[in-house]
Each structure stands twice: as structure tokens, then as C-alpha cells.
There are 2 protein chains.
Amino acid sequence: MARWQPDAPGRLAAAALDLFEENGYENTTVIEIAERAGLTKSTFFRYFPDKREVLFGRGTVTGLLLEGIASAPPAAGPLDTVGNALDALGRTFFTADRREFSSRRQAVLSANAELREREALKRIDLTASMIEALTRRGTPDLTARVAAQLGALAWEIAFDQWIDADNSEDFGPLARQALIEVRTAGTLR
Amino acid sequence: MARWQPDAPGRLAAAALDLFEENGYENTTVIEIAERAGLTKSTFFRYFPDKREVLFGRGTVTGLLLEGIASAPPAAGPLDTVGNALDALGRTFFTADRREFSSRRQAVLSANAELREREALKRIDLTASMIEALTRRGTPDLTARVAAQLGALAWEIAFDQWIDADNSEDFGPLARQALIEVRTAGTLR
């Protein structure tokens with residue numbers, strides 16, 4: 001039996017990112033990723049079903065987002081609730097020490113159709129999770145669907161700004177500002 | 001060389017839908033679909049790269065949507081422009097004679113993870129096309145992104161209503177009504 005490996009998924013993701021940058025996603029194998037991380041292939045498959053998943057974590061972001069929605073003040077409206085969740089994500093996940101990794105990861109995703117597809121599906125899952133969490137707070141279905149879509153869009157905008165080398169603001173405030181802009185744009189005829 | 005076959009893609013889609021309903025998506029082969037349609041395997045591959053694509057047409061809906069956006073009155077706001085495009089789609093594509101096929105197709109998609117994934121990606125492509133078409137009309141980027149997301153949501157809502165056996169309204173009016181509801185929901189705090 002393999003010993004427990006501290007932060008094996010994080011080390012695998014970091015190794016994969018290095019290799020994808022160096023040799024391209026298509027030319028990198030799971031064995032190479034495991035070796036670079038100083039781990040075995042079977043450890044890789046304990047955490048990820050295949051190569052495509054290695055940069056997509058295992059639900060951490062979804063969990064934080066759902067907690068953020070559930071813990072918003074009861075009186076908060078649906079968009080403020082989503083803003084609360086994005087704030088929480090900025091405090092605990094999209095932190096300054098993660099910015100460089102996130103930026104490099106995004107460049108790798110953008111360069112590969114299969115990874116872009118995986119990312120798009122992840123966004124859809126996240127939106128569905130937000131809708132469910134909002135509905136659980138009593139938000140009517142249609143409102144929850146609109147708030148989740150606008151929230152996902154604000155997230156995308158804030159994330160692009162946050163990983164920009166010229167940016168020095170934190171993710172949370174960028175997301176709050178993006179939500180305001182998105183809401184304003186949505187009131188147009 | 002095979003002769004030209006009238007509406008080969010339509011016949012292949014109809015045959016595929018029958019077989020997916022009868023035997024399941026996983027248990028149906030491209031050869032079976034072609035045979036049921038009275039066509040050859042090579043004709044199938046002239047129109048579709050693989051089995052997963054056979055229920056997804058070849059850009060017809062996207063083309064109609066983009067035409068609808070481009071042909072909206074110049075003074076129309078972004079959401080009215082999207083409404084114009086959904087109306088056009090209702091007049092030319094989601095017509096009464098297509099309702100039963102659309103409803104059966106949706107049931108097959110919902111029952112299969114691979115097809116649901118394909119559908120989700122198609123929605124993302126459609127949203128990207130709407131953003132591009134709106135931007136070409138001079139809609140600012142952020143506004144175009146919001147309008148396209150709200151438009152996609154209104155489409156989804158209207159489509160679900162339209163394929164419902166109890167519904168007797170046309171797709172266009174349902175989409176217009178859904179757009180109004182979606183916009184209202186988006187103004188919440």
C-alpha cells in the first residue's frame with residue numbers, strides 16, 4: 001500500500017501544469033505527471049479519473065461557493081447572496097498566493113479544446129449548484145436561475161481581471177464590482 | 001459514388017431518434033442508424049462526425065439566430081434584439097410540425113450523460129455566437145454578454161414550455177414572455 005502523500009492532488013496539478021506548458025497537453029502522459037510529482041500512477045488515479053481532470057480539483061470551489069450562499073444573511077437578495085459567496089471564494093481560495101498558478105492554468109486551458117470543453121462543463125455544474133443553493137434559501141426558481149447566470153458571468157469577468165498581471169486588487173472586490181456592472185447591463189431594454 | 005439523398009441529415013436524425021428510444025443511445029450503432037434511414041454508413045459520416053452529433057444538426061439554429069439578431073431594428077435594445085431572434089427561430093424552426101420531434105429528442109438527451117454534455121456545449125457555442133452578433137451591432141461587450149446569457153435562459157424556459165404536451169402556444173410568444181420574466185428577475189438585489 002502506498003503511504004499517505006501530503007497534498008498529493010496539489011502536487012499532481014502543479015506537475016501537470018508544468019508539463020502541459022513544457023510539452024503540451026496532448027504530449028503529456030499520466031505516468032509523466034505522476035513521476036514529476038514524485039508519486040505513482042496509481043496515486044494519480046486515486047485522485048483523478050483521467051488526465052483531463054487533473055487541473056479541475058475535486059469540488060473544492062463548488063463547496064466553498066455553496067457554503068458562501070448558505071451563510072449569506074437571511075435578508076440578502078439573490079444577487080447579494082451570490083456576491084457573498086464570491087467574496088468567500090476570494091478570501092479562502094482565489095488568494096494572492098494562488099494568482100500565478102491560476103493565471104498559468106488559464107493559459108493552458110485556453111490553448112486546448114478538450115480542456116476548454118471540460119471548463120465549460122464545470123461552469124455549467126457550478127451554475128446548477130448555485131441555483132440549487134439559492135432555491136434552498138427560498139429564492140424562486142426563475143430568480144435563482146437568473147442570479148446564478150449573472151453570478152457566473154461576474155465570476156468570469158472578475159477572474160479574468162484578477163489573473164491579469166497588471167491587476168493588484170483581490171478577487172472578492174473585483175467580483176462585487178463585476179456583479180454591479182452585470183446587473184446594470186441586465187436592466188437594459 | 002452515392003447519389004444525392006433528399007434530406008439525408010433529417011432522415012438520419014429521425015432514424016437515430018427512433019433507435020435511441022427503442023434500444024438506448026449506448027446500444028445503437030452508426031451502421032444501424034444509416035440502415036434504418038435507408039442510407040449508407042459513408043453517407044452518415046458525410047453529415048456527422050460521430051453518433052453523438054446526429055441529433056445536433058449542423059448550425060441551422062445558430063444561423064437563424066444570428067440572422068435574427070442582425071435583422072433586428074437598429075434602434076432595438078440588446079434584449080429586444082435577442083427577442084427578435086427568438087421570434088424568428090419560432091417562425092422558421094421551432095414550428096408546430098417540429099414540436100413532437102423536439103419533445104422526443106429532449107427526452108432522449110435528458111436520459112444520457114454524453115448527450116446532455118453535448119447539449120450543454122452547444123448552448124455555450126450559441127451564447128458565444130449571440131455575443132458576437134450583438135457586438136457586431138455595436139452592443140458593448142459586457143451588455144452583450146449579459147443579454148446573451150439572459151436570452152439563452154429565456155430560450156431554455158420557453159423551449160421547456162413549448163415541448164410540454166399541455167402547451168398550445170407558439171415558441172416565439174413564449175420566448176418573449178420568458179425574456180420579460182428573466183429581465184424582471186435580474187433586477188432583484
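Across the interface of chain A and chain B in this predicted model, 2 residue pairs are in polar contact, both at pLDDT 80 or more; a polar contact is a pair of N or O atoms within 3.5 Å, where within protein one atom must be able to donate a hydrogen and the other to accept it, and residues adjacent in sequence count only if both atoms are side-chain atoms. The rule also finds 2 salt bridges across this interface, a salt bridge being a side-chain nitrogen of Lys or Arg within 4 Å of a carboxyl oxygen of Asp or Glu. Glu156(A) forms a salt bridge with Arg145(B), with the closest N and O atoms 2.8 Å apart.

On the side of chain A that touches chain B, at least two residues each come from helix H5 (78-92), helix H7 (113-136), helix H8 (141-162) and helix H9 (171-186); helices are DSSP runs of H or I with at least four residues, numbered from the N terminus. H8(A) gives the largest share, 9 residues.

The contact (heavy atoms within 4.5 Å) involves 28 residues from chain A and 28 residues from chain B. About 2,500 Å² is buried between the chains, 64% of it on carbon and sulfur atoms; buried area is the accessible area (1.4 Å probe) lost when two parts are put together, summed over both. Leu142(A), Arg145(A) and Arg189(A) supply 24% of the area that chain A buries against chain B, more than any other three residues.

The model is predicted, with local features needing pLDDT of at least 70 and side-chain atom pairs counted only at pLDDT 80 or more, whereas totals for chains, interfaces and linings use all residues. Residues are numbered from 1 along each chain as its sequence is written, chains are lettered from A in the order in which they are written, and side-chain values use heavy atoms, leaving out hydrogens and water.
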